[in-house]
Amino acid sequence: MAEYYLAVDIGASSGRHILGHLEDGRIVLEEVYRFENGMEKKDGHLCWNLPRLFHEIKEGLKACRAAGKIPKSMGIDTWAVDYVLLDGEDRILGNTYGYRDGRTKGMDKEVYKIIPEDALYARTGIQKQMFNTIYQLMAVKTQEPENMEKAEWLLMLPDYFHFLLTGNKLSEYTNATSTQLVSPETKQWDYELIERLGYKPSVFRPLHMPGTVVGPFSKEVEEEVGFTCEVVMPATHDTASAVISVPALTDDCLYISSGTWSLMGIENDRAICSPESRERNFTNEGGYEYRFRYLKNIMGLWMIQSVRHELGDKYSFAQLCDMAEAESDFPSRVDVNDDAFLAPDNMTEAIKAYCRKHGWREPETTGQIAAVIYQSLAESYAETVREIEALTGRTFPAINIVGGGSNAAYLNQLTADKSGRCVYAGPGEATAIGNLAVQMLKDGKFEGLAQVRACIYDSFGVKKYEAR
């Protein structure tokens, strides 16, 4: 009988339940459930609907039972930085804001009154992004101080869902690092920094590594879904899970975890917190076994996803790639990391407005819009390669793209061409595979990360793109 493990991988636009098992030495995946996700407007803010997401998590568990494939263990990963504050009766205080909400505007200045930006980076190694938890909590402190005062726990979203499943509150390391409140030296919360900022130190509980057992389902959840299993912390930050499953990752290979965001970088055994690193906006996020994911956040496929939605989803991503390729000579480019593209009312109009403002030819057709996005993304990747090489003094002849974006053949070829590097693409379900890998490692199915990565390569392979 196969032993099944379940990865619940929840992204900003969709979630999925993926079962994995070993068969003839290879990992076999089966998607059993999928659901839509997205921020919703509430009280004029962009928020997450957590009751609906937890309902979907349980519906996916019921789908496992209906398929007769009860997992031995399961774990949940999501995007980073978003959190809940719980009171003494485990009720959520305030709204569960999404990271694209605008309430953090100006909160960086409030933080820097207490600790200068360069000192904060030297202390945490985390790049400045206005949605980082450190700025979100400053918004709570200044706009909703009563919620900060009433709070007894802070849980990142995957930790909160694990709590709802088990009744146990544990905080996981990789996602916690995205808050900009964790020390790269101690690998625990920086309590001195937290106190200086006027946040409540007691709500930040000790951090645990991927592979930690949270516990079995509560009786209530067990009765509802029809079974129980062990909940095991994966690397709950989806990018940390994705990087675990990069099959070609060696000392001379870069990775891009490509989805709504593109996270591009290397794996390091130490944090790089230099002024040059801060100026280039690189980050040192926590990884499996205390590795550091030294990377840059790039806007990623969010732009093309938004344009597709604005067109009523009538084109597939493959069709949009084909349309972009047909307009490959279109000259205009945008800075994909410009704040104008973070949460515009209309992405198509934001791209056109950027081109007008910067003297570029304004794209008119869908193909031209897509060409601007893909060409600009590939150029951003190429520039990031150069930056990483300059910051580390090392050379990286290869890039392994994983995640949903690894299926975009046109973008993969553009990346190879513009970077002059060999590009390996795959696997597409990298985050779920990394989630499953941690559970299998915890269960003794593999001896270590190198063995898991070799198995992932054998199981899923990669497609190679040479620079032309």
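Modeller: Start with a sorting rule. Ala, Val, Leu, Ile, Met, Phe, Trp, Tyr, Cys and Pro count as nonpolar. Asp, Glu, Lys and Arg count as charged, and the others, with Gly among them, as polar. Keep in mind that this is a predicted model.

Now the part itself: the second largest pocket. Its volume is about 770 Å³. A total of 31 residues line this pocket. Five of them lie nearest its centre: Q129, M130, N337, D339 and L342. Sort the lining by the rule above and you get eight nonpolar, eleven polar and twelve charged residues.

Which elements give two or more residues to this lining? They are strand β16 (292-298) and helix α15 (366-392). Helix α15 gives the most, with six residues.

Where does the pocket sit? Domain 1 (4-236) and domain 2 (248-425) both give residues to its lining, so the pocket lies between the two domains.

Stay with β16 for a moment. The loop between β15 (283-286) and β16 holds Y290. The phi of Y290 is positive, about 60 degrees, although Y290 is not a glycine. That is worth a second look, because most residues other than glycine have a negative phi.

Find D90 in the loop between β7 (83-86) and α2 (107-114). D90 has a relative accessible area of 30%, so it too is partly exposed.

The structure holds three cavities of 30 Å³ or more. The largest cavity has about 90 Å³ of space. Its lining counts 13 residues. Nearest the centre are Y83, L93, N95, Y97 and V140. Strand β7 and helix α4 (133-143) each supply at least two residues of this lining. Strand β7 gives the most, with three. By class, the lining has seven nonpolar, four polar and two charged residues.

The second largest cavity holds about 50 Å³. Among its lining residues are T124, I126, Y173, N284 and F292. Its classes are five nonpolar, five polar and no charged residues. Each of domain 1 (4-236) and domain 2 (248-425) supplies at least three residues of this lining. So both domains take part in the pocket and in this cavity.

Nine of the ten residues of α6 (residues 157-166) are buried, so α6 is largely enclosed by the rest of the structure. The buried ones include D159, H162 and T166, as well as L157, F161 and L165. Just after α6 comes G167, with a positive phi of about 85 degrees.

Then go to R421, in the loop between α16 (409-419) and β18. Is R421 buried or exposed? Buried means under 20% relative accessible area, so R421 at 15% counts as buried. Its contacts beyond four places in sequence are V385, E389, F396, P397, A398, I399, A416, Y465 and A467. L254 is 167 residues from R421 in sequence, yet their C-alpha atoms are 9.9 Å apart in space.

The peptide bond from G426 to P427 is cis, with omega near 5 degrees. Most peptide bonds are trans. P427 is in the loop between β18 and α17 (430-442).

Key
Residues are numbered from 1 along each chain as its sequence is written. This is a predicted model: local features need pLDDT of at least 70, side-chain atom pairs count only at pLDDT 80 or more; totals for chains, interfaces and linings use all residues. Side-chain values use heavy atoms; hydrogens and water are left out. On a 1 Å grid over the protein atoms alone, a cavity is a set of points where a 1.4 Å probe fits but cannot get out, and a pocket is an open set with protein on both sides within 12 Å along at least five of seven lines; lining residues have an atom within 4 Å of a point. Grid points are joined across faces, edges and corners, and a volume is the space filled by probe spheres set on the points. Helices (H or I, at least four residues) and strands (E, at least two) are DSSP runs, numbered from the N terminus. Domain bounds come from an automatic or database domain assignment. Buried means under 20% relative accessible area, exposed over 50%, partly exposed in between (1.4 Å probe, protein chains only). Contact means heavy atoms within 4.5 Å.
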